[in-house]
Amino acid sequence: MLTGKQKRHLRSLAHHLNPIFQVGKGGTNEHIMKHIEEAIETRELIKVSVLNNCVEDPKQIGQELAEGSGCELVQVIGKTIVLYKESRDHKTIVLPR
């Protein structure tokens with residue numbers, strides 16, 4: 001579980017990132033979960049965008065993605081979701097205490 005200070009730090013790092021995944025009208029599925037797990041292991045911090053044709057709530061999608069891929073949900077702002085998971089092999093982000 002991330003503290004408020006850690007979430008603020010991660011939000012500041014994620015500000016300059018571009019979304020690398022998109023969730024469309026099909027919603028979340030096992031295929032996107034697997035790709036997020038692979039990407040988050042190398043990057044630690046990723047952005048996911050929710051397309052306009054998606055009928056689900058972005059906050060609900062963020063929760064589903066976080067639970068399904070074992071990540072921490074950092075932020076959902078508008079239709080952009082920020083996810084974080086500490087990498088075992090490629091650790092680059094140092095969180096404040």
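Reader: What makes strand β3 (residues 72–77) and strand β4 (residues 80–84) a pair?

Author: The two share 5 bridges and run antiparallel, and two strands pair if DSSP finds at least two bridges between them, so β3 and β4 qualify. Leu73, for instance, has Leu83 in β4 as its bridge partner, and Glu72 stands opposite Tyr84 in β4. One caution: this is a predicted model, where local features need pLDDT of at least 70 and side-chain atom pairs count only at pLDDT 80 or more, while totals for chains, interfaces and linings use all residues. Residues are numbered from 1 along each chain as its sequence is written, and side-chain values use heavy atoms, with hydrogens and water left out.

Reader: What sits in the turn of the hairpin that β3 and β4 form?

Author: There are 2 residues between the strands, and Gly78 in the turn has a positive phi of about 65 degrees.

Reader: Which strands does β2 pair with, and in what sense?

Author: Strand β1 (residues 21–23) runs parallel to β2, with 3 bridges joining them. β4 pairs with β2 in the antiparallel sense over 5 bridges. Within these pairings, Gln22 stands opposite Ser49 in β2, while Ile46 stands opposite Leu83 in β4.

Reader: How do you know how many helices and strands there are, and in what order they come?

Author: Helices (H or I, at least four residues) and strands (E, at least two) are DSSP runs, numbered from the N terminus. On that basis the protein has 3 helices and 4 strands, and along the sequence they read α-β-α-β-α-β-β.

Reader: Why is β2 said to be largely enclosed by the rest of the structure?

Author: Buried means under 20% relative accessible area, with exposed over 50% and partly exposed in between (1.4 Å probe, protein chains only). In β2, 6 of the 6 residues are buried, so the strand is largely enclosed. Leu45, Lys47 and Ser49 point one way, Ile46, Val48 and Val50 the other way, and all are buried.

Reader: Why is Ser49 called buried?

Author: Ser49, in strand β2 (residues 45–50), has a relative accessible area of 13%, and that makes it buried because the value lies under the cut-off. Not counting residues up to four places away in sequence, Ser49 touches Pro19, Phe21, Gln22, Val23 and Lys79, where contact means heavy atoms within 4.5 Å.

Reader: Which residues does Val48 contact, and is it buried or exposed?

Author: Val48 counts as buried at 0% relative accessibility. Leaving aside neighbours within four places in sequence, its contacts are Pro19, Phe21, Val23, Ile36, Leu65, Lys79, Thr80, Ile81 and Leu83.

Reader: What makes Glu44 stand out?

Author: Its phi is near 75 degrees, a positive value in a residue other than glycine. Most residues other than glycine have a negative phi. Glu44 lies in the loop between α2 (30–43) and β2, and counts as buried at 0% relative accessibility.

Reader: Where is Ser87, and why does it count as buried?

Author: Ser87 is in the segment after β4, and its relative accessibility of 4% puts it in the buried class. Apart from neighbours within four places in sequence, Ser87 is in contact with Glu41 and Glu44. Cys54, by contrast, is 33 residues from Ser87 in sequence and 30 Å from it in space, C-alpha to C-alpha.

Reader: How many of the contacts with a separation of 6 or more link residues 24 or more positions apart?

Author: Such pairs account for 68% of those contacts.
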